[in-house]
Amino acid sequence: MADKSFLTWPFFTDRHRALAEELERWCAANLPADHGDVDAACRDLVQKLGRDGWLAHTAPAPEAPAPLDVRTLCLIRETLARHDGLADFAFAMQGLGAGPISLVGNAKQRDWLKRTRSGDAIAAFALSEQQSGSDVANIALTAQRYGDGYILDGEKTWISNGGIADMYVVFARTGEGPGAKGLSAFLVPGKKLAGFSVAERIDVIAPHPLARLKFERVTVPAAAMIGAPGEGFKIAMATLDIFRSTVGAAALGFARRALDEAVARAKSRELFGGPLADLQMVQASIAEMALDVDAAALLVYRAAWAKDGGAARVTREAAMAKLFATEQAQRVIDKAVQLHGGDGVRHGHVVERLYREIRALRIYEGASEVQKVVIARQVLAGA
Ligand code: COS
C-alpha cells in the first residue's frame, strides 16, 4: 500500500485529500487497462476518465473560466501513474492539449473544453518539430495569412495522441518578429481536414499513440488563432509552466509504485537464511528510494502549491520539480529492478514496465538539460 502520509502536508486541503481517496477507489476498480491496442486503450481510458468526472479537472468549465488547480492535476497524475502509466498519459494529454485554450482561448474556442472535459474529444499539443524539440524558438512550420485565414505548411513530430486526436493546438511561425517573437498558436480540428495527414506512427519503448504529422497547405480560419499573433512562444511556455510539475507528479507515481514493489519483495524473498529486508545493503537501497520519493514529492507539490497560490510564473519551481522527480524516479526504479534480480527484467513484470515507462519523462516537455538551463537562467536573473 503506497505511503499516503504526504497528504497531511500543508500544501493540501481536505478537498484534495478526499479526491485522492476517491481516485484510489476508482483506480482499484478500473485499472490497469488492457494495453493490447494502445489507440483503443487510450480512447477507452479517455471515455472512462471523462464519464467519471476526472477529466473535468484538466480544463476549466467553458462558461466559468478559472485557473487550473495544479495540486489536483498532480495528485491525479501521481495516483494514475502508480496504477497504470497509460491512464496517466490519457489524462495528462487532455490537459496539455487543451492547455493553451484553458489559458487564453476565447469563448468560442473554450467551447471545445466541454468535449475534452467529458472525454468526447481527444486533445493534442503540437509543438515539437525535427529541429525544434528543445529549441522552441526555431519552429519552422509556417502559417501564412491568406484572405480571411491562414495556410499551414510543415511538419510536427513526437506528437502524443497524434493520429487519434480530435483537436490539435499547433504552434506555427507567423513572422511578427524573429525567433520566439514570431510564433502563434492555432486550434486545428484533427478530422476531415484537407492537407493534414499522419506521416508516420512512432513506436517507443513504452507504447502510446505518438506520430509525425504533415501539414500541406492546410487552411484554417483566422478565428483559429489562440491568443494574439506573435504570442505563441509565451503561450507554449506558460502552458508548460503548469504541466511540467505534473510530469514530475507522474514520475513520482512511478517511483512510489517501484518503492512499494521493492518493499514487498524485500519482505517476502528469502536470501542467506532470512528475508532480503534483513540485509543492510538492501536497507540502504530502500532508504535511498524513500528519501528520493519524499524529496521529489516536496518539490512537485511546492511548485503546484505556488501556482495555485496565485504566482504569475513558477518557471523555476516547475523546472526543478520536473528535473528532480524524473531523474530520481529513474534511480528509484532502477534500484527496484535490481532488488528483483532476474524477475526485474522479465517482460510483463511491474518493475520492468516502470523501467520502460519512466525513461521518456526525462526527455519530453523539456529534457533534463533544458530544465537546468531554465533553472540557471532564473537564478542568475534574480541574483
Ligand atoms: N512564461 C511566460 N513567458 C515566458 C516563459 C514562461 N515560462 N519563458 C519565457 N518566456 C518569455 C520570455 O520572458 C521572453 O519574453 P520577452 O522577449 O518579452 O522578454 C520570451 O518568452 C522568450 O524567452 P527566452 O529568451 O527565454 O527564449 P529561448 O528561446 O531562449 O528559450 C528554452 C529557451 C530552452 C528555455 C525554451 O525553448 C524551452 O523551454 N525549451 C523546451 C521546450 C520543451 O519543453 N519542449 C518539449 C516539447 S513539448 S512536449
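Predicted model: local features only at pLDDT ≥ 70, side-chain atom pairs only at ≥ 80, totals over all residues.
Local features are given where pLDDT is at least 70 and side-chain atom pairs where it is 80 or more, while totals for chains, interfaces and linings use all residues. Residues are numbered from 1 along each chain as its sequence is written, and side-chain values use heavy atoms, with hydrogens and water left out.

1. Packing of α1 with α3. Helix α1 (residues 14-30) packs on helix α3 (residues 70-83) at an angle of about 25 degrees, and their axes are 10 Å apart. Axes here are lines fitted to C-alpha atoms, for helices over the stretch in contact, and angles run from 0 to 180 degrees between N-to-C directions. The angle makes α1 roughly parallel to α3; angles under 35 degrees count as roughly parallel, over 145 as roughly antiparallel, 65 to 115 as roughly perpendicular and the rest as oblique. Helices (H or I, at least four residues) and strands (E, at least two) are DSSP runs, numbered from the N terminus.

2. Residues between α1 and α3. On the α1 side the contact (heavy atoms within 4.5 Å) is made by R15, H16, L19, L23, E24, W26, C27 and A28. On the α3 side it is made by R71, T72, L75, I76, T79, L80, R82 and H83. By class, this contact of α1 with α3 has eight nonpolar, four polar and four charged residues. In this classification Ala, Val, Leu, Ile, Met, Phe, Trp, Tyr, Cys and Pro count as nonpolar, Asp, Glu, Lys and Arg as charged, and the others, Gly among them, as polar.

3. Packing of α4 with α5. Helix α4 (residues 85-104) and helix α5 (residues 107-118) pack at about 155 degrees, with their axes 9 Å apart. This angle makes α4 roughly antiparallel to α5, and the crossing is left-handed. Q94, A98, I101 and S102 of α4 meet Q109, R110, L113 and T116 of α5. The residues of this contact of α4 with α5 comprise three nonpolar, four polar and one charged.

4. Salt bridges around D343. The count of salt bridges is 27, taking a side-chain nitrogen of Lys or Arg within 4 Å of a carboxyl oxygen of Asp or Glu. R265 pairs with D343, with the closest N and O atoms 3.2 Å apart. R265 lies in helix α6 (residues 232-268) and D343 in the loop between α8 (315-339) and α9 (350-359), so this pair links distant parts of the chain, 78 residues apart. D343 also forms a salt bridge with R346, where the closest N and O atoms are 3.5 Å apart. R265 is buried at 15% relative accessibility, D343 is partly exposed at 28% and R346 is exposed at 55%. Buried means under 20% relative accessible area, exposed over 50%, and partly exposed in between (1.4 Å probe, protein chains only).

5. The E288 and K335 pair. The side chains of E288 and K335 form a salt bridge at 3.2 Å, N to O. Because E288 lies in helix α7 (residues 280-308) and K335 in helix α8, the pair ties together parts that are 47 residues apart in sequence. E288 is partly exposed at 38% relative accessibility, whereas K335 is buried, with a relative accessible area of 17%.

6. Burial of α9. Seven of the 10 residues of α9 are buried, so this helix is largely enclosed by the rest of the structure. The buried residues are V350, V351, E352, R353, L354, E357 and I358. They pack against α3, α4, α6 and α8.

7. Surroundings of A172. A172 is located in strand β4 (residues 167-173) and is buried, at 0% relative accessibility. Leaving aside neighbours within four places in sequence, A172 contacts I139, L141, T142, A143, G182, L183, S184 and F186.

8. Backbone geometry. The peptide bond from L31 to P32 is cis, with omega near 0 degrees, and P32 is in the loop between α1 and α2 (38-51). N161 is not a glycine, yet has a positive phi of about 70 degrees. N161 sits in the loop between β3 (149-160) and β4 and is buried, with a relative accessible area of 3%. R217, also not a glycine, has a positive phi of about 50 degrees. R217 is found in strand β7 (residues 210-221) and counts as exposed at 55% relative accessibility.

Note on methods:
Left-handed = near helix turned anticlockwise from the far one by under 90°.
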